[in-house]
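Dear colleague,

Please find the structure below, with its sequence. My notes on what was found in it follow directly after.

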Amino acid sequence: MGKDAVKKHYDANKTKVLKSKVIARIKKGSVPQKASLDTHDISLEELNKIRQENGFDPIDEIKEPRKRPKVFTMTDVHNTYNTLAEDGKVAPATAETHYKLFRGLVGEQLPKDFYKNKDYEKLKDEQLNPNTAASSAAAVLNVLETNPELKDKVGETIYKEVEELFQELKIKKEQYNINRQQTEEVPKFSEILKRIEQDNAKGSEEVLLINLYDNITARNDYENLSFSSTEPNHIDLENGTITIREFKKTNKKYKPIIDYPLNKKTLGLLKESYTANPRDKVFTKKIRSIFKKAKIGIDLMRHAKVSEELAGSKIKDETKREELRQKMLHSPMTQLSYVRKLKD
């Protein structure tokens, strides 16, 4: 019989052929899965009859196959954070930060193995920056708190260990920052602004950004800033104002900044930039890349702004502190923690 004939015969008798293979296994003492027996209409009675005919003891029941426990992966962690962000339970930037920190720690292993192997204890390494260690520990703890299924797999003992580790590193971070505040010196914000204007063209995005931060020294909240007043974060060139309704990290803590008047210099720069290149978004490059080219970081810039604005006796001026706090969108305690000695 040729190949085609064999195939034709098999296709025509496929059900019989497969059933005969199942019966052949039973005759050898095997007990096929229930789904296989159901497919070929082999009852428990028929199964035991075949077994007895071949010298095997009857069985009392056909057991369902044991279900394998679901493997919890990094995709599950990411999906949880995406859902929390979509539901407004956590800021999208916070969700993504927790995920990225955790992913960097876990590497190629499964989340459960990361916890079971107690790899989180590596965060105690004295070589790690205390701020980084505390942020990473917060992510490690938050992943368990937002994923009950993973927490159950890991167990309460490990969860408590992670919780204690976070508290330990949080205190260490606070002590580190207190010591740092006493010894660290920062340049004046006005000097940073002057340097960036000297190093970059007048119409550059670096010069635009540093001048906007001179008006409102927010966090990294200018990414989606638009020239269209229909957008939640926008510049109104006609009225000379800036509005920020959506913040990356502080939507639930602070009220939107609406129609805040820009200083004359910054408004002039924005108008010149738009005239030279009409566009929707104020910044065509990623904010981080602009910071990099300007050779400045958001933390240093905010520390410098607070330190200069509240230098000397000005730190005692409650009105001044409150006005600055509202423009920088942080708490009074955070504001004071930013104060550094100014470089000569």
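The largest nonpolar core has 35 residues, and the members that touch the most others are Leu212, Tyr222, Ile235, Ile242, Leu270 and Phe283. A nonpolar core here is a set of buried Ala, Val, Leu, Ile, Met, Phe, Trp, Tyr and Cys residues joined through side-chain atoms within 4.5 Å; buried means under 20% relative accessible area, exposed over 50%, and partly exposed in between, with a 1.4 Å probe and protein chains only. At least two residues of this core come from each of α11 (189-199), α12 (205-215), β3 (241-244), α13 (264-276), α14 (287-294) and α15 (298-309). Helix α12 provides the largest share, 6 residues. Helices (H or I, at least four residues) and strands (E, at least two) are DSSP runs, numbered from the N terminus. Leaving aside residues up to four places away in sequence, Leu270 is in contact (heavy atoms within 4.5 Å) with Leu208, Leu212, Phe227, Ile235, Leu237, Leu262 and Val282. A second, separate core of 30 residues includes Tyr115, Ala133, Val143 and Leu169.

The model is predicted: local features need pLDDT of at least 70 and side-chain atom pairs count only at pLDDT 80 or more, whereas totals for chains, interfaces and linings use all residues. Residues are numbered from 1 along each chain as its sequence is written, and side-chain values use heavy atoms, with hydrogens and water left out.

An open sheet is formed by 3 strands in the order β2-β3-β4, with antiparallel pairing; two strands pair if DSSP finds at least two bridges between them. Because β2 (233-236) and β4 (257-261) are at the edges with a single partner strand each, one side of each has no neighbour in the sheet. Strands β2 and β3 pair over 4 bridges, and Asn233 has Ile244 in β3 as its bridge partner.

Buried in α6 are Ala95, His98, Tyr99, Phe102 and Val106. These buried residues fall within an arc of 95° seen down the axis, so they line one face of the helix; the arc is that of the directions from the helix axis to the C-beta atoms. Their cover includes α5 (74-86), α7 (111-116) and α8 (130-146).

Finally, Lys173 lies in helix α10 (residues 156-183) and, at 30% relative accessibility, counts as partly exposed.

Yours sincerely
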